[in-house]
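Work through these exercises with the model open beside you. Try each task before reading its solution.

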Amino acid sequence: MNTALELKEITKRFGATQVLRGVDLSIREGERHALIGPNGAGKSTLFDLIAGRTQPTSGRIALNGTDVTGMPAHRLGRKGLARSFQTTSVFTGLTVRDNVCCAVLGSGVTTWKDRWLRSSVIDEETHRVIAAIGLADHSDALATSLSYAELRALDLGLALATGASVLLLDEPTAGMNRAEAARALALIRETTQGKTLLIVEHDMEAVFALADRISVLVQGRVIATGTPAEIAANPAVRTAYLGEIP
Ligand SMILES: Nc1ncnc2c1ncn2[C@@H]1O[C@H](COP(=O)(O)OP(=O)(O)O)[C@@H](O)[C@H]1O
Ligand SMILES: [Mg+2]
């Protein structure tokens with residue numbers, strides 16, 4: 001099986017604070033991989049590094065077998081990696097359709113020729129993404145008029161519209177009630193089929209239902225990687241997550 005994302009001996013220090021202490025992580029192509037760990041473990045810091053927002057202090061990152069350590073976010077985007085933000089990245093003054101269309105235009109799905117010829121490929125791809133995220137009835141609505149859950153769905157849509165094969169989702173259900181979170185996770189499961197997904201999520205039940213494999217980050221180190229069953233049975237993990245593992 002091919003490896004989509006490979007992290008080797010990643011460390012990250014902010015001044016005197018050592019946040020990541022040698023992270024090894026291997027995400028297989030097409031798997032749904034959850035990263036869990038207590039608050040402050042370094043999950044978002046790790047996502048920032050993978051997404052090219054910040055640089056590791058040391059260590060290497062490979063995307064589909066190519067070393068991408070230190071590569072900025074926009075170049076990683078062209079190599080098929082997309083990140084959905086914990087704080088939403090939607091243009092609030094635009095409609096749902098225009099938001100998605102912008103992402104489609106910036107993606108590898110369309111070429112300069114499509115744009116030049118105003119090809120229907122752009123409209124079709126925009127429509128396909130809007131339907132996939134369940135916002136077909138809201139295409140003409142301004143993003144400001146959407147509910148919080150709809151806004152997060154749109155945010156996911158923007159990541160999908162880039163045509164990325166590797167998606168990073170940091171707490172996609174943060175701030176949602178249980179029903180909204182369940183719907184969002186079902187949406188994520190549907191729309192990420194066949195893609196590689198790395199997700200940070202606090203709801204343990206959701207993580208165990210969604211993930212093929214789980215890695216556990218504690219104090220800047222991965223203390224375990226395995227299937228949900230293996231993680232649930234791991235004594236060190238159970239200690240870190242007393243009472244939360246189903
Ligand atoms: N830019 C920064 N400067 C200094 N410390 C930071 C910075 N970003 C994160 N940290 C620290 O790194 C630790 C891990 O944070 P974070 O990656 O957000 O954890 P998580 O997402 O697992 O909750 C925290 O102690 C946080 O205060
Ligand atoms: Mg975080």
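**Exercise 1.** Leaving aside neighbours within four places in sequence, find the residues with which E6 is in contact.

*Solution.* This is a predicted model: local features need pLDDT of at least 70, side-chain atom pairs count only at pLDDT 80 or more, and totals for chains, interfaces and linings use all residues. Residues are numbered from 1 along each chain as its sequence is written, chains are lettered from A and ligands numbered from 1 in the order in which they are written, and side-chain values use heavy atoms, with hydrogens and water left out.

Step 1. E6 is found in strand 1 (residues 3-14). Strands (E, at least two residues) and helices (H or I, at least four) are DSSP runs, numbered from the N terminus.

Step 2. List the partners. Contact means heavy atoms within 4.5 Å. With neighbours within four places set aside, E6 touches L25, S26, R60, I61 and A62.

Step 3. E6 is partly exposed, at a relative accessible area of 25%. Buried means under 20%, exposed over 50%, and partly exposed in between (1.4 Å probe, protein chains only).

Step 4. Compare sequence with space. E6 and T66 are 60 residues apart in sequence, and their C-alpha atoms are 9.5 Å apart.

**Exercise 2.** In what order do the strands of the open sheet of 4 strands stand? Which strands stand at its edges?

*Solution.* Step 1. Read the order. It is 2-1-4-5, with antiparallel pairing. Two strands pair if DSSP finds at least two bridges between them.

Step 1. Find the edges. Strand 2 (17-28) and strand 5 (66-67) each have a single partner strand, so one side of each lacks a neighbour in the sheet.

Step 2. Inspect one pair. Strand 4 (residues 58-63) and strand 5 are joined by 2 bridges, in the antiparallel sense. A62 has D67 of strand 5 as its bridge partner.

**Exercise 3.** Is strand 8 enclosed or left open by the rest of the structure? Identify strands that pair with strand 8.

*Solution.* Step 1. Count buried residues. In strand 8 (residues 196-200), 5 of the 5 residues are buried, so the strand is largely enclosed by the rest of the structure.

Step 1. Take each face. T196, L198 and V200 lie on one side, L197 and I199 on the other, and all are buried.

Step 2. Strand 3 (residues 32-36) runs parallel to strand 8, with 4 bridges. H33 stands opposite L198 there. Strand 7 (residues 166-170) also runs parallel to strand 8, with 5 bridges. L169 faces I199.

**Exercise 4.** Describe the hairpin of strand 9 and strand 10.

*Solution.* Step 1. Count bridges. Strand 9 (residues 213-218) and strand 10 (residues 221-226) pair in the antiparallel sense over 5 bridges. I214 stands opposite G226.

Step 1. Look at the turn. There are 2 residues between the strands, and Q219 in the turn has a positive phi of about 45°.

**Exercise 5.** Is N99 buried or exposed? What surrounds it?

*Solution.* Step 1. N99 is found in helix 3 (residues 96-105).

Step 1. N99 is buried, with a relative accessible area of 2%.

Step 2. Beyond neighbours within four places in sequence, N99 is in contact with V90, F91, L94, A143, L154 and L158.

**Exercise 6.** Summarise the whole protein.

*Solution.* Step 1. The protein has 10 helices and 10 strands.

Step 1. Its C-alpha trace spans about 55 × 40 × 35 Å along the principal axes.

Step 2. Of its 246 residues, 50% count as buried.
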